Amino acid sequence: MYCAYFGFQEKPFNVTPDPRFLYLSKSHEEVLDSLLYGINDRKGFLLLTGEVGTGKTTIARALLDRLGETVDTALLFNPLLSTVELLRSINGDFGQLLASPSPKDQIDSLNNFLLSRFHEGRNAVVIIDEAQNLSVEALEMTRLLSNLESGSEKLLQILLVGQPELQEKLSRHDLRQLNQRIIIRSHLKPLDFEDVCSYILFRLGRVGANVAKISFETEAFKRIYQFSQGFPRLINTLCDRILLSAYVEETGTVTERLVQVAEQDLSSASPESSSWKRWVRWVTHRRVTHPWTGFSLRGR
């Protein structure tokens with residue numbers, strides 16, 4: 001509802017992992033460069049960890065966008081899979097549909113596909129998101145898949161993406177072989193204060209924000225940073241609510257008070273929040289033309 005008011009082409013703070021909105025802090029850029037290097041250099045196993053809301057899935061999607069046309073990709077979002085389901089999912093993403101419940105048949109099919117791609121000068125990568133939820137058996141299967149290789153090159157690159165608990169899981173004694181095979185390890189950090197400011201302005205710029213219509217005071221930036229601690233998902237959630245509050249108050253200046261109001265709204269997390277109540281009051285005390293019927297409402 002606030003997009004037209006501020007002149008946005010779309011909402012700037014959606015929490016979906018859209019790589020168009022990836023802000024590359026120094027940490028994000030280093031992580032992305034490391035992963036690209038690991039895949040292109042056929043390092044085999046790669047690991048990306050980060051706390052909830054740091055943008056791991058967005059990085060994974062951006063990584064897919066940056067891989068060349070000679071790289072075949074498989075992206076798995078549901079790690080709660082048996083070993084056979086895992087193999088089927090990987091084969092399916094590569095276009096190799098095999099109904100056999102036999103792990104050997106699935107691995108043989110995958111190996112034949114990878115060998116044919118290798119001889120064509122192509123590479124292949126599997127990205128498994130939320131990998132901390134993989135069972136020990138499924139993780140062990142990924143290790144076995146890393147054995148698929150030509151005489152000199154790994155045929156399959158595997159990127160495990162997960163929360164810090166994944167590191168703890170990999171440190172188990174029964175997963176030591178897998179842990180030792182991870183060549184590239186990257187950890188995504190939250191944004192610092194300067195990056196939080198730049199992140200907000202970057203996302204506003206992506207939707208065509210008019211600087212004459214919206215601005216953030218320094219104290220507002222500081223409060224957003226204190227609330228979010230630099231986690232992009234929390235920044236998005238809070239800023240979306242801030243823009244709603246600004247729209248309701250018909251202001252383009254985001255103050256510390258508006259941020260505080262948005263924080264209170266999020267803490268209540270219900271239709272009875274203050275922004276919702278103020279929006280209802282705003283509607284009922286003004287003439288509002290219904291977009292379909294043309295009828296008008298006037299508060300009494």
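In strand 5, Ile182 is the bridge partner of Phe45. This pair belongs to a predicted model, in which local features need pLDDT of at least 70, side-chain atom pairs count only at pLDDT 80 or more, and totals for chains, interfaces and linings use all residues. Residues are numbered from 1 along each chain as its sequence is written, and side-chain values use heavy atoms, with hydrogens and water left out. Strand 1 (residues 45-50) and strand 5 (182-188) run parallel and are joined by six bridges. Helix 2 packs on the sheet and touches strand 1, strand 3, strand 4 and strand 5, its direction making about 160 degrees with that of strand 5. Such angles run from 0 to 180 degrees between N-to-C directions, and axes are lines fitted to C-alpha atoms, for helices over the stretch in contact. Contact means heavy atoms within 4.5 Å.

The chain holds 13 helices and nine strands, these being DSSP runs numbered from the N terminus (helices H or I, at least four residues; strands E, at least two). Of its 300 residues, 44% count as buried, that is, under 20% relative accessible area, with exposed meaning over 50% and partly exposed in between (1.4 Å probe, protein chains only). Among contacts between residues at least 6 apart in sequence, 73% join residues at least 24 apart.

Five strands form an open sheet in the order 2-3-4-1-5, with parallel pairing. Its edge strands, each pairing on one side only, are strand 2 (71-76) and strand 5. The twist from one strand to the next averages 15 degrees. Two strands are taken to pair if DSSP finds at least two bridges between them.

Strand 4 (residues 157-162) is largely enclosed by the rest of the structure, because six of its six residues are buried. Strand 4 pairs with strand 1 in the parallel sense over five bridges, and Leu46 stands opposite Leu159. Strand 3 (residues 123-128) also runs parallel to strand 4, with four bridges between them; here Val126 stands opposite Ile158. Strand 3, helix 6 (residues 136-145) and strand 4 make a right-handed β-α-β unit, the crossover being right-handed if, with the strands pointing away from the viewer, the path from the first strand over the helix to the second runs clockwise.

Helix 3 (residues 56-66) has Lys56, Thr58, Ile59, Ala60, Ala62 and Leu63 as its buried residues. Their cover includes helix 2, strand 1, strand 3, strand 4 and strand 5. Within helix 2 (residues 26-40) lies Ser27, which is buried with a relative accessible area of 16%. Leaving aside neighbours within four places in sequence, Ser27 is in contact with His187, Leu188 and Lys189. Gln167, in helix 7 (residues 165-170), is partly exposed at 31% relative accessible area. With neighbours within four places again left aside, Gln167 is in contact with Leu47, Thr49 and Arg185. Gln167 and Leu48 are 119 residues apart in sequence and 9.6 Å apart in space, C-alpha to C-alpha.

Helix 11 (residues 232-248) and helix 12 (residues 256-268) pack at an angle of about 115 degrees, their axes 8 Å apart. Residues that meet there include Leu238 and Ile242 in helix 11 and Leu258 and Val261 in helix 12.
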